[in-house]
Amino acid sequence: MKSFDVAAVVTGGASGLGEATTRALAAKGAAVTILDLQEDRGQALAAELGGHTTFVRTDVTDEASVQAAIADATGKDRPLRIAVQCAGIAWAQRTVGRGGEPHDLGAFSRTVMVNLVGTFNVLRLAAAAMSATEPDEDGERGVIVNTASIAAYDGQIGQIAYAASKGGVVGMTLPAARDLATIGVRVCTIAPGLVDTPMMAGMPEEQRQQLASGIPFPKRLAQPSDYAQLALAIVEHGYLNGEVIRMDGALRMAPR
Ligand SMILES: NC(=O)c1ccc[n+]([C@@H]2O[C@H](COP(=O)([O-])OP(=O)(O)OC[C@H]3O[C@@H](n4cnc5c(N)ncnc54)[C@H](O)[C@@H]3O)[C@@H](O)[C@H]2O)c1
């Protein structure tokens, strides 16, 4: 896609990777709709960026909620062509705990619901809206960037729910790209390693440094801007499709 003079939706756009992507897209001139549960942060970011950036409080697992957010994006003065999906939650619990107790089934379901079903919900509704637009000069109507995790491949002890949910996002990428080829919509997924987001900021400095030292190169946590840069590169690169890209400094996570 050559022009960022389009409408975009960013899920989880009020924090971390989504916030960085919202900022990067808005800086390029896109009209971004932020979809997030965090009303205060989302409203503040939209107000700060001004112009064509809007916030719609959205639960990605809820059909009507996402439809309302997509309607905000399609109501702007340019076609909806970009959807970047960063909404997600983490959950850590072993399949069977030290005391013999089984993994909480509700927590497993909730993690899959937000990370996998939520991603599919936005993907299908955003793609349907993109299908109604006129294609650009390359026949392209849009691009969807999902977020998995290297846990989809190297899930650690206690990451079974999270890894399963992200494995689903990885598995969905190629069939989604194949399904949406007929309407000229590309689909790629980014599988980040360790990124310094609000989630990580709560960690003691020593633990952060220990995590960083295990990364082959560069020996630092990724920054949200690294993710945003890759998301925008995928948007611009019209031949990338159906692919999952690890962004991890060559990190392969150990069992624990
Ligand atoms: N930070 C990392 O190291 C890392 C690594 C690999 C993958 N990821 C993935 O990247 C994505 C973004 O993570 P982050 O670190 O920026 O986290 P974050 O917590 O800073 O941001 C996630 C955002 O998603 C929103 N959200 C959660 N559930 C939602 C729902 N049902 N509907 C709408 N919004 C919802 C939250 O309100 C939050 O603003 C997640 O999918 C996460 O699993 C993060």
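This is a predicted model: local features need pLDDT of at least 70, side-chain atom pairs count only at pLDDT 80 or more; totals for chains, interfaces and linings use all residues.
Biologist: Let's start with the end of the chain. What makes Ala250 exposed rather than buried?

Modeller: Ala250 has 10 other C-beta atoms within 10 Å. The cut-off for exposed is 12 or fewer, so Ala250 counts as exposed. Ala250 sits in the segment after β7.

Biologist: Okay, Gly167 next. Why is Gly167 called partly exposed?

Modeller: Gly167 has 19 C-beta neighbours inside 10 Å. Buried takes 20 or more, and exposed takes 12 or fewer, so Gly167 lands in between and is partly exposed. Gly167 belongs to helix α6, residues 160-180. Its C-alpha is separated by 24 Å from that of His237, 70 residues apart along the chain.

Biologist: What makes Ala68 partly exposed?

Modeller: For Ala68 the count is 14 other C-beta atoms within 10 Å. That falls between the limits of 12 and 20, so the label for Ala68 is partly exposed. Ala68 is in helix α3, and its C-alpha lies 8.0 Å from that of Val56, twelve residues apart in sequence.

Biologist: Since we're on α3, how do you know how α3 and α4 pack?

Modeller: Packed helices get described by the angle between their axes and the distance between the axes. Here α3 (residues 63-74) and α4 (residues 105-131) make an angle of about 35°, with axes 10 Å apart. The crossing of α3 past α4 is right-handed.

Biologist: Which residues of α3 and α4 meet?

Modeller: From α3 you get Glu63, Val66, Gln67, Ile70 and Thr74, and from α4 Asn121, Val122, Leu125, Ala126 and Ala129. By class, that contact has six nonpolar, three polar and one charged residues.

Biologist: Why would residues three or four places apart in a helix point the same way?

Modeller: An α-helix has 3.6 residues a turn, so residues at that spacing point the same way.

Biologist: Now Met1. Why does Met1 count as partly exposed?

Modeller: Met1 has 19 C-beta neighbours inside 10 Å. Buried needs 20 or more, so Met1 stays partly exposed. Met1 lies in the segment before β1.

Biologist: Which residues is Met1 in contact with, leaving aside neighbours within four places in sequence?

Modeller: Those are Arg81, Asp136, Glu140, Val143, Val235, Glu236 and Gly238. The C-alpha atoms of Met1 and Glu236 are separated by 4.6 Å, with the two residues 235 apart along the chain.

Biologist: Glu236 takes us to α9. How do you know that the reach of α9 is close to the expected value?

Modeller: Helix α9 (residues 224-236) has 13 residues and reaches 19 Å from its first C-alpha to its last, while 18 Å is expected at 1.5 Å a residue. The buried residues in α9 are Pro224, Asp226, Tyr227, Ala228, Ala231, Leu232, Ile234 and Val235. They pack against α1, β4, β5, β6 and β7.

Biologist: What kind of peptide bond runs from Phe217 to Pro218?

Modeller: That bond is cis, with omega near -5°. Pro218 is in the loop between α8 and α9.

Biologist: Last one: how many residues surround the ligand?

Modeller: There are 31, and the closest are Gly12, Ser15, Gly16, Gly88 and Thr197. The elements giving two or more residues to that shell are α1, β2, α4 and α7. By class, the shell has 16 nonpolar, 13 polar and two charged residues.

Conventions: Residues are numbered from 1 along each chain as its sequence is written. Axes are lines fitted to C-alpha atoms, for helices over the stretch in contact, and angles run from 0 to 180 degrees between N-to-C directions. Helices (H or I, at least four residues) and strands (E, at least two) are DSSP runs, numbered from the N terminus. A crossing is left-handed if the near helix is turned anticlockwise from the far one by less than a right angle, and right-handed if clockwise. Two residues are in contact if their C-beta atoms, placed from the backbone, lie within 7 Å. Ala, Val, Leu, Ile, Met, Phe, Trp, Tyr, Cys and Pro count as nonpolar, Asp, Glu, Lys and Arg as charged, and the others, Gly among them, as polar. The expected span of a helix is 1.5 Å times one less than its number of residues. A residue is near a molecule or strand if its C-beta atom, placed from the backbone, lies within 6 Å of it.
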